[in-house]
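This report sets out selected side-chain features of the structure shown below.

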Amino acid sequence: MKKIALFFIAGLLATLLFELFLRFSPFGYGVSPAVYDKALGQWHKKNFSSIEKGACFQTRYYLDEHGLVKNNYTYDPQKPDIILLGDSYLENFKVKNQNLMHNILHRLYNGKYNFLNYGYSGTSAVQQYMILKTKADLSHTKAVIQFVKPETDIFEVDPQNFDATMRPKVFLDFQDLDHFTIIPPKPYTAKERIRDLLGNLELYTFARKGIYVLRQKISGDANSSTPYKVREGADFTKNWLQLNGALYQTAKLLQKRHIDYRIIIAGSDATYKNKLKQFLKKQHIPFYDLRKMAAKHHMKIESFPCDKHWNDNAHQTIAGLIRLEGIVR
């Protein structure tokens, strides 16, 4: 028993020392920004700050009292809100706060509106619909701009593409465009409580980064920003119903509240984009093709050299395109 006790004490001390080492050395990756949320499965921590680190960036990011990516301007309750929806490309902890799209748009529109960043990593149109329903104050919203990347969304709408190691998420199950059921996230079990506890440690983020790199090496695609691969001959009919259904219900929700809704298609795969465009045209949902807009104005959407995510210049460019194209009226 004495040897067992010594083993556990030694293990605890080693863990503690490694955690201290990560916190006060250049090798740490920051602390997880995620916490369990009963409606969404996970959401940002409130009043939180940490670092996002990679081979070509090291950025401190900030979250506000609502768990939103923080504004670098003072919110004015007398002015209407413009909500930006999207995944990690919009959330983007890698980009300096003042260069994030919502903050640039606030400057470009001379403070006429409050631009709010509701981006969340790993979400698709399905979770973003629920974010609007549960997190946003739509009574104070003038417009919603949603970034959709169909070649990844088409996989992320399917709960079968997520394994037990990933944090829980809410999903929708569409029978048709008008009929769906909400698949709530897994309950707040002991496992999720432990994850929230571990999420306060740099060691947890360090381990998750290691697992991510290992998976990339096993897959043989170190530059991939998504774990999903096109499966030859696979039938994506149900996936398209989930994606289209989420966008259709988002449009329906906002139309009832007289809120402008614009989709920016941010993908690069022509096949996926064209299929999505056909649906949006049929449903009379306004949309813009990001890469076509950029080409029209002789601009380039840049990414970090060590990562596929948009860099600081890209966020500034996209904000400029939104202004040039009059997407917010």
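## Charges over rings

The charged end of Lys-275 is placed over the ring of Trp-240, 5.6 Å from its centre; a charge sits over a ring if NZ of Lys or CZ of Arg is within 6 Å of the ring centre and within 35 degrees of the ring normal. Arg-323 lies over the face of Tyr-109, with a distance of 4.2 Å to the ring centre.

This is a predicted model, in which local features need pLDDT of at least 70 and side-chain atom pairs count only at pLDDT 80 or more, while totals for chains, interfaces and linings use all residues. Residues are numbered from 1 along each chain as its sequence is written, and side-chain values use heavy atoms, with hydrogens and water left out.

## Aromatic pairs

The structure holds 14 aromatic pairs, where rings of Phe, Tyr and Trp (its six-membered ring) pair if their centres lie within 6.5 Å, and planes under 30 degrees apart count as stacked, over 60 as edge-to-face and the rest as tilted. One of them is the tilted pair of Phe-57 and Phe-304, at 5.1 Å centre to centre and 55° between the planes. Phe-57 belongs to strand 4 and Phe-304 to the loop between helix 10 and helix 11, so the pair ties together parts that are 247 residues apart in sequence. Helices (H or I, at least four residues) and strands (E, at least two) are DSSP runs, numbered from the N terminus.

Both Phe-57 and Phe-304 are buried, buried meaning under 20% relative accessible area, exposed over 50%, and partly exposed in between (1.4 Å probe, protein chains only). The rings of Tyr-109 and Phe-115 also form a tilted pair, because their centres are 5.4 Å apart and their planes lie at 45°. Tyr-109 is buried at a relative accessible area of 7%, and Phe-115 is buried at 0%.

## The disulfide

The structure holds 1 disulfide, a pair of cysteine sulfur atoms within 2.5 Å. It joins Cys-56 to Cys-306, with an S to S distance of 2.0 Å. The torsion about this S-S bond is about -80°, so the disulfide is left-handed. Cys-56 lies in the loop between strand 3 (48-54) and strand 4 (57-63), and Cys-306 in the loop between helix 10 (290-296) and helix 11 (312-324), so the pair ties together parts that are 250 residues apart in sequence.

Cys-56 is partly exposed, at a relative accessible area of 30%; Cys-306 is also partly exposed, at 36%.
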